Amino acid sequence: SEMCIRDRNKALTCLDISSNCIGDEGTELIAKALKISRTLECLNIKSNQISHKGGVAIAKALKVNKTLASLNISWNNLGYEGGKAIGEALKTNRSLAKLNIIHNYLSNKSIEPMCKALIINRTLMHLTISENSIKAESAKYIGEALKAGKPLAELNIEKNAIGDEGAKEISEALRVNDTLTHLNMGCNNIKYEGIKAICEALKVNKALTHLNIEWNGICDKSLKAIVEVLEASKTLAQLIARSYYVHYDILVEIKEVGINKGIDVCIN
C-alpha cells in the first residue's frame with residue numbers, strides 16, 4: 001500500500017482499502033506514505049482492525065500531509081489514545097474537509113481534544129462520530145465547538161447517548177451557529193425536554209436545513225413542539241423524526257404543516 005501511494009502511481013487521488021484486515025502494521029505503512037504524498041485526496045481504511053497505534057500513526061501523518069481531504073477510519077478500535085491523537089492533529093491540519101470516525105470506542109476524553117481542535121480548525125466541514133457512546137459531557141464540548149462558528153456544515157452524532165442534557169448543550173449552540181446545515185441526532189435517548197430545547201433553538205437558527213431526531217423519546221408534547229418549529233422555521237428543508245409513539249391526529253397535522261411550508265417531513 002505504501003508503494004502504491006508513493007511510487008507506482010504518482011497521480012493517485014483516491015485509495016479504498018476498507019475491510020482488508022491491514023491492522024496497525026499496514027496502517028503504519030499507509031501513514032508513512034501519506035506523509036510524503038502530494039496527490040492523495042481520499043482515503044478509506046474502514047473496518048481494518050486498527051487500534052490506537054494505527055490511529056496515532058495516521059494522526060502524525062495528518063499533521064504534515066497537505067492534500068488529503070477525506071478520511072474514513074470508521075469501524076476500527078482507536079479508543080481514547082487514537083481518538084485523542086486524531087483530535088490533536090486537527091489543530092494543525094489544513095486540508096481535511098471530511099472525517100468519518102464511526103464506531104471507534106471513543107471516550108469523552110478523546111472527544112474533548114477533537115472538539116477543541118474544531119474551534120481553531122478552518123477546513124473540516126463534515127464530521128461523523130456516531131456510535132461512540134458519547135454522553136452529555138461530550139455534547140458540552142460539541143456545543144462549544146459549534147458556538148465558535150467555524151466551517152463545520154454537517155455533523156452526525158447518531159446512536160450515542162447524549163440525552164436531554166446533551167441536547168440542551170447543542171441547542172444553545174444552535175442559537176448562535178450560522179454554518180451548520182445538517183445535524184443528525186437520531187437515537188440518542190433524547191426525551192421531551194431535549195427535543196423542546198432543540199425546537200426552541202431552531203426558531204432563531206438561520207442556517208440548519210436538515211435535522212434528524214428520529215428514534216428518540218418523542219411523545220405527544222414533543223410533536224407539538226415540532227409543529228411549532230416547522231411553522232416558524234425559515235430555513236428547514238427536511239425533518240426526520242420517526243418514532244414508535246405517534247398519534248394519528250398529530251401525524252396528520254405535522255405532515256400538513258410540512259407540505260404547506262415545503263419541508264420534507266419523514267415522521268412515520
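**Salt bridges**

I started with the ion pairs and found that the structure holds seven salt bridges. This is a predicted model, so I am reading positions off a prediction throughout.

I took Arg175 and Glu172 to begin with. Their side chains meet in a salt bridge, at 3.9 Å from N to O. The cut-off for a salt bridge is within 4 Å, and I noted the pair with that in mind. Arg175 counts as partly exposed, because its relative accessibility is 37%. Glu172 is partly exposed too, with a relative accessible area of 43%.

Next I looked at Glu228, which forms a salt bridge with Lys203. I have 3.1 Å between the closest N and O atoms. Which parts of the chain does this pair tie together? Glu228 sits in helix H9 (residues 220-232), while Lys203 sits in the loop between H8 and strand E8 (210-212), so the bridge links parts 25 residues apart in sequence. I checked cover on both ends. Glu228 has a relative accessible area of 39%, so I put it down as partly exposed. Lys203 comes out at 31%, so it is partly exposed as well.

Then I went to Glu214 and Arg242, whose side chains meet in a salt bridge at 2.7 Å, N to O. Glu214 is in the loop between E8 and H9 and Arg242 is in the loop between E9 and H10, so this pair ties together parts that are 28 residues apart in sequence. Is Glu214 buried or exposed? I have it as buried, because its relative accessibility is 10% and the limit for buried is under 20%. Arg242 is partly exposed, with a relative accessible area of 28%.

I also looked for shared partners.

**Surface patches**

I turned to the surface and looked for charge. Glu231, Asp249, Glu253 and Glu256 gather there in a patch of negative charge. Which element gives the largest share of the negative patch? My note says helix H10 (residues 248-261), with three residues. Glu253 is found in helix H10. I looked up how open Glu253 is, and it counts as partly exposed because its relative accessibility is 39%.

There is a nonpolar patch on the surface as well, formed by Trp215, Tyr244 and Tyr245. Together these residues have about 430 Å² of accessible area. Tyr245 lies in the loop between strand E9 (238-240) and H10. Its relative accessible area is 57%, so I wrote it down as exposed, the limit for that being over 50%.

I checked phi angles next. Most residues other than glycine have a negative phi. I have two notes on residues that go the other way.

Glu131 has a positive phi of about 55 degrees, although it is not a glycine. I found Glu131 in the loop between strand E5 (126-128) and helix H6 (136-147). Glu131 counts as partly exposed, because its relative accessibility is 22%.

Asn189 is not a glycine either, yet it has a positive phi of about 60 degrees. It lies in the loop between strand E7 (182-184) and helix H8 (192-202). At 49% relative accessibility, Asn189 counts as partly exposed.

**The whole chain**

The secondary structure of the chain comes to 10 helices and 10 strands. The radius of gyration is 20 Å, close to the 18 Å that the globule rule gives for 268 residues, so the chain is as compact as a globular protein of that length. I also took the box along the principal axes, and the C-alpha atoms fill roughly 65 × 30 × 30 Å. How many of the 268 residues count as buried? I have 52% in that class.

**One last distance**

I ended with Val56 in helix H3 (residues 52-64). Val56 counts as partly exposed, because its relative accessibility is 25%.

Terms used. Residues numbered from 1 in each chain as written. Predicted model: local features only at pLDDT ≥ 70, side-chain atom pairs only at ≥ 80, totals over all residues. Heavy atoms only, no water. Patch = residues over 30% accessible without salt bridge, like charges linked within 9 Å, V, L, I, M, F, W, Y side chains within 5 Å. Areas by Shrake-Rupley, 256 points an atom, 1.4 Å probe, with all protein chains shown as cover. Lys, Arg positive; Asp, Glu negative; His and termini not counted. Charge placed at Lys NZ, Arg CZ, Asp CG, Glu CD. Helix = DSSP H or I, 4+ residues; strand = E, 2+ residues; numbered from the N terminus. Buried < 20%, exposed > 50% of the residue type's maximum accessible area, 1.4 Å probe, protein only. Rg over C-alpha atoms; globule rule 2.2 N^0.38 Å.
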